[in-house]
Structure formats: structure tokens, C-alpha cells
Amino acid sequence: MSIEVAAPMQGKVLEILVKVGDRVSYEDELMLLEALKMENPIYAPADGKVVEIKVSLGATVEAEQVLIVLE
Amino acid sequence: MSRKQTPLRPYFERMPDIGKPLSEAELRRSKENLDLVREQQAILAKENERVRNAGIPAAKIHERGGMTIYDRLDYLVDEGTWNPLHTLYNPQDNEEGCTGVVNGIGKIEGKWAVIIGFDNKVMAGAWIAGQSENILMVTDMAKRLNVPLVWLTNCSGVKLMEQETVYAGRRSSGAPFFRHADLNHLGIPILNGIYGTNPAGGGYQGISPTILIAHEGANIAVGGAGIVGGMNPKGHIDAEAARALIDATKGFKAKDPGRVETHFDKTAYFREVHDSEKGVLDGIKDYMRMMPAFDPTMFRVAAPAEPKFPASDLDLILPANQKRTYDAVQVLARLTDKSEFMEYRPDYGREVFTGIAKIDGFPVAFIGNRQGVFPDYPEYAKGAYPAVGGKHYRQGLIKQGEFVTLCGRDNLPIVWLQDTTGIDVGDLAEEAELLALGQSLVYSIEQTELSMMCVVLRKGTAAAHYIMCGPQANNNNAFTLGTPLTEIYVMHGETAAAASYARRLVKEEEAGRDISPILDKMNQMIQDYQDKSRPAYCAKKGFVDEIVSLTDLRKYIQAFTGANYQNPKSITPVHQMLLPRIIKG
């Protein structure tokens, strides 16, 4: 079952902390979104494996936009 | 059969749980944070040690058979209850490296007192620059908390080479005598243990408290015996005048005036005289046992209990990276009894939390900034931008004003947990009345008779630092603490550099000139802001009363709470409190 991790707010992708194939645990940091001058970590909602990263470094993303897919 | 219980038990005995244990992932990624916290703690520990070693070596005092101020405090204060304040305070950068007084809040014979003493290693306790302000902060605290002020006087008077830095002015070294008069007038006792030679300013320091207890070698006097010459008619010192001074000094045999023979045997100013330094401290302990203090049972709403989660978690939760968000309620959960919190209006003004918790079984109000992003808020922005934690918006300001007002009615002391970047700005914010609502919160705080303490967890910025009961709340703020991660400035250095140089950059670029000199100035300004906002600087300048480790925060909150409930000037019967009922609905 795949899990889509979406942006909670509009922002800029500041750092991608995982790569495709990585295994992650619940609440691991996946990505940093810069919004309103703050660094907002995006956490893994569950244990899993990164199967797709749908955004690139520096990209501006909208709220609800899917960032990463876990399996 | 007799039955007893704490008041409003259904509200206070078991309050809602907050917080959760740190996850494996949180523990893993916080290792670097812990290193950064410890780095700051090491800087602060080194600074504290430097101040402790200021002046002549302690060994010299010991060789003379004397005790240093630190020895006296160790003997006087109940073990484990000392909470030092103003340790690094030295706003005028004295060559002594401190202001010559050591102070804090602690228990003596089981009762809270504000305690201050001259550092007899530093110029025999002379008046030096910045000292009077330090003393005034302490007298304010005793007044605010309505607890005794205990002095360990050992004061040689003005450092004559720098008299202009201490003698004259509204808040100069003479002002504490009026503060002592004020405290006495208000019924707040001042106990004074007197050591050594205390002429002039030292004499008034000696005479102005309520109860005077002297060491056998002590004196207090209008002036010292050491002033052997009068006015020199020449107006300058030449060889002839110097010769006369040398002869007069060699022949000078007079004892210091105002010794025990005078002020115990004849005037009877001294209640007690002791032939040992410890005897003086024992005398203070005797008088502390006479001080007014309610049994804590009078005001407790539950049995004291520790938080469910360890204080050491705080070093992992609070990010050293100032741009990182975190869960502020996780911090609160490491401070309150049993990690419980009864929150007031959680769905309104979500950027701040307000509510009641227990500290050592006493009811205490907490207000703090939440962090993170709040979509669909503030309501007045209508989606133009989302709210970000640390900032204040209309609802949050209204909620804080309401809550403070109700705390005033219920006599609940307030602990503020600041991590704030300011109040929302722009036309929408002005239309939403944020300027007036900020000042309205200031009014709400001031119109209460409450004691409050403020912790600047990380950022204290812009007017938000003021409105959240920063030290500027002179009538309410008992003391303000910083942490190893505190930064206090009007705005972030990058914002300030942009505000200062943006137009200049445009001008230079349009003129086709090299902008790198401007960039250098901007970066210098950013660095300067950083250097002048770090914890040790904040402590030195008095932006906070002390920088404490995160693991010690609860200890200071316990001291604040215990002192507040020791002898309150006003009481709201717990069963008549409104706030718990409003929260329950």
C-alpha cells in the first residue's frame, strides 16, 4: 500500500533528506519546507520505503501537493 | 471519622494529560541539537566560573579566617533551594567583571527569601558601576513576591576612582536605601547580616534594613576613619602636600567608628552580635523562622508531583536552529506536575496556549507561543497568508488579555513561555486592531496585582517580547529567565540589515557602482546582531535575570510558585475561582 506525503502549506523545498529506496521510520524527517521564514520538517507518517520523490530541491510547492510516496 | 481533601478536587486532582514520550526518530535526529545546547552551556559555565572567581582568591579570605559570600550563602541557604540570579550581570563592563553583589532566590529554614550579599572578594564589597541596578532588581523582586529580603552586607562604600558611575542619579547606589524604606513601609522585612567595615554608603546599607545582626568585627558609620585629610587649600597635590599626607597617614591610629562597642553596647541598633561569621548566619536563620508564611496546604489543590516526562528531553525538543519549528506543548509537558494542563479556549487564538497547570500542587497559569504553521488562520487575512507560530494575531491577543484578566480575578500567578517573532504586520493586521490589542494586553497585565515570571525559551523579538510580560512589565514581572538557546533583539539581524540597506543597494546598483561594500556592511550588521543577542550577552546586559539550563527551568518555576504562595497579599478561595469553571463550560 502506498502512502502519499503531502505539503501541509505552500513553501519552498529547502532540503530533501531521503532518496528513493531508503527505508524510513515513523516520524523520520523526509524533507524541509521553507515557509514564512521558518524551516518546517515533513515527517514520515508511518514506517516504509521511499518509492518516489515528486519534487526537486528549490521547487515551490502548494499546500496539499504530494511530495513523497512511501510504500 | 474525619475526612480531608484538596479544594475543587474534580477540577484539579486530575487534569487533562499533555505531551508524549519522544519517538525513536526524534531521539535520533536530536543528537546534533544536544551538542549545540551543550556548547552554549559550556560558554555559560565558563562565564559563571569567571564571576565566581572575581576579585581576590577565596583562599586569601580563608587564610584570614573569613568566609566568602559563596561560603556564607552555602551555610545560610537550605540545601538544593538556591536559584541564582544576575550572575553575569555587568552592563557597564566593569574591570571587576561583575557588579560586586551575588543574589538569587532560595529557602532559609524552609521559607523562601530573596537573598543578596556583597562579594567581599571584590574590592571589599565596594559600590561599583551597575551594582545599584542589580540591587534594585532584587528589591523589586522581594516587593513583587512579598517575601523577606535577606542581606549579607560587607560594603566598603564607593569605589572612589569611579564615583561618577555610582554616586548620583535617580537609580544610583543611594536608591536602594529608599527601596529598603519602601519594603519596610509595605511590611516586607529585610534581615541584615553585617560583616567587615561599612562606612558611608556601607553604613546606610547597614542601617536601612529591619533587623541588624552584626559580626563582632563589623562596623556601620556615616563615614570611615580612613579619610585623614580635609580639604587641601592648594587644590592640587604637590610634594609638600604629599609629605603632609604621608605623615598624617603614618600617625593615624583611630579605629573605625560605629563599631559593636557603639551600635550594640550604646545605641543598640544591632539586635545581635556574634563572635563567629556563622553565628551571624545562625541569627538570620532564627529570624527567618519568625517570618510570616502560610503552610502550603492552605493553597495546594493537589499533592505535589513530578512531570511524567524527563526534563532532559527539553534539550532535545527545543531546536537550536532558530528557524526550526517544534511542539511547544511538549516543552510544557516537561514542566508541569504530572504533565497535566487545563487549557483555556484551545480552538480560539491557536497560536498561543493559555491555561492552568499545577506546580508542586499549587495552581499556576501558563501562557506560551505555539510553533508551526496554522492554515486558514488568521481569520482577517482571509487566506491571503497563513499564520505562523511565534507570531501574534487578533484572536491570540484577545485570548491572552481575557485570560490574564481572569487570572487576576482568581489570583493565579502566571508563567510566560516566550518564543516569539512579533505581532503580525501590514494593513490587514492594522485593520484587525493588532496595535491596540497588543497594548491592551499590556494594560491587562498591569491592572492585575499578579506576580509573573517570564522564560524566553528562544526568541524574544519586537513588541511581542514586551507584551508577553517581559522584564519591562516592571510591576508584575518578578524575574525573567533565558535558556542556552535564547536570542533577544528588536528583529532578526537579516531583517534589520535589509531594512537598513535595501534602498542604498538600489541606489548603488542604479548608479552602476560595486555593491560589495554594502554587502560587507550588511553582513557585519547581521554578525553584530548575532553577537549581541546570544545568551551570555543577554545576561550581561540584563535582558534577562539569569540564563538557566533547560533542565533547571522547573526548579526556578517551583521557586517562583512557592514564593508567590508563601504570604500572598490577596487570596481567591479556590472554590470561588472562575477560570476552571469557564474552561469546563
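Residues are numbered from 1 along each chain as its sequence is written, while chains are lettered from A and ligands numbered from 1 in the order in which they are written. Because the model is predicted, local features need pLDDT of at least 70 and side-chain atom pairs count only at pLDDT 80 or more, whereas totals for chains, interfaces and linings use all residues.

Let's start with chain A. Its secondary structure has zero helices and eight strands (DSSP runs numbered from the N terminus: H or I of at least four residues for helices, E of at least two for strands). The radius of gyration, taken over C-alpha atoms, is 11 Å, close to the 11 Å from the globule rule (2.2 Å times the number of residues to the power 0.38) for 71 residues, so chain A is as compact as a globular protein of that length. Its C-alpha atoms fill a box of roughly 30 × 15 × 15 Å along the principal axes.

| Domain of chain B | Residues |
|---|---|
| domain 1 | 54-222 + 257-289 |
| domain 2 | 296-486 + 544-584 |
| domain 3 | 492-534 |

The C-alpha centres of domain 1 and domain 3 of chain B sit 47 Å apart.

And where the chains meet? The contact (C-beta atoms, placed from the backbone, within 7 Å) takes 14 residues from chain A and 13 residues from chain B. On the chain B side, helix H2 (residues 24-29) gives the most, with four residues.

How values were computed
Contact = placed C-beta atoms within 7 Å. Domains from an automatic or database assignment.
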